[in-house]
Structure formats: structure tokens, C-alpha cells
Amino acid sequence: MSHVIAWVAVGLMTGVALGGESFTFASWNVGHYAQGKDWKTAVKPEEAEEKGLAYRKMLDEVGADFLGVCEYFDSFTTASERRADVSVFGRYAHRAIGPQREWQWNAQFWNGEAASGSRWQTYAKHLQGVYYLATRVKVGGEDVTFVQTHLDWAKFKGHEDDRASQMRELIAEFKDERHVVIAGDFNVGVRFFEDPTKKTLDNPVEYKVFEEAGFTLGNDGRFKTAPAGDCYLSLDNIIVKGLEIADFKVWDCPELSDHALVSAKLTLKNGAR
């Protein structure tokens, strides 16, 4: 069952709007503003001004017209007196926010036209509370579907095929869209639960299923995005169909999250199918 949510307009629009055929897109696992160490924020009220400014400066520097977020949390501080959509993401006029399901919480922020629709969907096969959030927005007069997701972070016993199944589900659901952007934390990697001294192995070959289905990868494994400060895993990606992708960048900011932010310039392909 697909769940429909309402898009919400917030504040005043600042920054560049989604108006032309080319725009900057970014995706960031913000780790609940807790370095990914908790499912809720770790920012204390007395830190709010300094931390909020640091996040806003980062996003201003990136200058994305559309931002997808994993591990969102609606309260910016532990006292819940500050909303993250204002304290952190206030440069954006519109938002679509999915539900919190355990550690997973996907959100999207953008400037320009309001969304024509937004929905979220739990994956058929999963152990964790993983889902995708899909929002349709006009860009240069064309409908573009933006999908933000966070896949299972390991191949758990009895669920070894879940992450591959989740990727196949994304492909089946969005392969016929004229213009689609699928982004987020895909958690590609091999983890050794039996020996915690072994580091997780990067495994970007998992992304090949998207290429085989006609999608274009922003990150084919060349760009390492986690853990922030010592990135050696290609967990975060921007995957497109019906758009050209260029100028892929990794913005490593370990004082703000355990994942680097990734961005790219996207350009609509006219007549794409």
C-alpha cells in the first residue's frame, strides 16, 4: 500500500529556484544531527545557534535547488524547542517529509514550484524500517519525480537478499518515468558481524543493477562518502533516468554528520523515455 502525504510550503523562498532545465541536486544523510550515533538529535539547546549556523553555512555553500535527506529528525534540539525545517533547512520554500520508522526518516526540500504529489512506500522485503519517499515537481515545465531512500544497512541472517530486492523494487516502480532522480543512502557494502575487528568492505558493484536497467549512476564507486572524515565506502548516490548528470561532488563535513553530502548538476533530457 502506498501512503500519500501532503507537501508543505514553509517560510520565504530563498536561494535558486527549480525553474530552468539544469539545476543542482544534493543528497545528505544528516545522521539525526547526532553523527549517526542515535535515532534522535544530540544538539543541546545551548548549542542550537552555533550548530544551526554551521548546517546552514554548509547548505548555502552547496547551493542545491533540491535537497534529499536521510536520517532526518523534526526537532533540531534535545529540548524540541527548535524545528529542523527552520533551523537547518530554512533556505527552502517547500518540503515533503515521510514518517520516522526506527532509524529511517526521509525528507525533501526545494525551491520553485510546489509538488503535484508526494507518497511513501515501505519495501516489500525488509528487516529495518526502510522505505522510499517519492515527490513530483515541475522543473523547466517537465514533471520530475524525486525519490529519496535509505536501504537496509546489512544483509541480515534470513534477509540476505533484502537490499537487492529493494533496488529491484525501485527499478520496477520508476523505470517508466520520463524524468526520475533516485538518491539517498544505499548502504552498499559487506559487513562482518562475526568479527567486529574487520572493516566493512565497499561493494559498489551492487549499483550495477541500475545501469543494466537504463539508469545513470552519479557514483559508480569512485566517490567515497562514509564514514565522514575517513571516507572509504560508496554508500551515498544520485541515480537518474531522463536527465544528464555532471559535476558530482562529495562534501565531507565530519563535524556535522557521519556521512558526506553528495551533489551534482542535473539537466533534463528532452524527449527522454
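Predicted model: local features only at pLDDT ≥ 70, side-chain atom pairs only at ≥ 80, totals over all residues.
We begin with the backbone, where a cis peptide bond joins alanine 226 and proline 227, with omega at about -10°. Proline 227 has its place in the loop between strand 11 (216-217) and strand 12 (236-241). Glutamine 35 is found in the loop between strand 3 (22-29) and helix 1 (48-62), and it counts as partly exposed because its relative accessibility is 27%. Glutamate 71, by contrast, lies in the loop between strand 4 (66-70) and helix 2 (84-87), and its 8% relative accessibility falls under the 20% limit, so this residue counts as buried.

Helix 1 also holds glycine 52, which is buried, with a relative accessible area of 1%. Leaving aside residues up to four places away in sequence, glycine 52 touches Phe76 and Ser87, and its C-alpha atom is separated by 9.3 Å from that of valine 86, which is 34 residues apart from it along the chain.

The aromatic residues come next, and a search of the whole structure finds 24 aromatic pairs. In one of them, the rings of tryptophan 39 and phenylalanine 73 have centres 6.2 Å apart and planes at 65°, and the pair is therefore edge-to-face. This pair links distant parts of the chain, since tryptophan 39 belongs to the loop between strand 3 and helix 1 and phenylalanine 73 to the loop between strand 4 and helix 2. Tryptophan 39 is partly exposed at 38%, whereas phenylalanine 73 counts as buried at 11% relative accessibility. Tryptophan 120 and tyrosine 131 also form an edge-to-face pair, because their planes stand at 65°, with the ring centres 5.4 Å apart. Tryptophan 120 lies in strand 7 and tyrosine 131 in strand 8, so the pair ties together parts that are eleven residues apart in sequence.

Ring pairs also link Trp39, Tyr72, Phe73, Phe89, Tyr92, Trp105 and Phe109 into a cluster. Over the ring of tyrosine 92 sits the charged end of arginine 91, 5.2 Å from the ring centre, while lysine 199 lies over the face of tyrosine 232, at 3.9 Å from the centre of that ring.

Finally, the largest pocket contains about 520 Å³ of space. Its lining is made up of 23 residues, with Trp153, Asn187, Arg191, Leu235 and Asp258 nearest its centre, and by class this lining has ten nonpolar, eight polar and five charged residues.

Terms used. Residues numbered from 1 in each chain as written. Heavy atoms only, no water. Helix = DSSP H or I, 4+ residues; strand = E, 2+ residues; numbered from the N terminus. Buried < 20%, exposed > 50% of the residue type's maximum accessible area, 1.4 Å probe, protein only. 1 Å grid on protein atoms, 1.4 Å probe; cavity = no way out; pocket = protein on both sides within 12 Å on 5 of 7 lines; lining within 4 Å. Points joined across faces, edges and corners; volume = space filled by probe spheres on them. Nonpolar A, V, L, I, M, F, W, Y, C, P; charged D, E, K, R; others polar. Contact = heavy atoms within 4.5 Å. Phe/Tyr/Trp six-rings, centres within 6.5 Å; stacked < 30°, edge-to-face > 60°. Lys NZ or Arg CZ within 6 Å of the ring centre and 35° of its normal.
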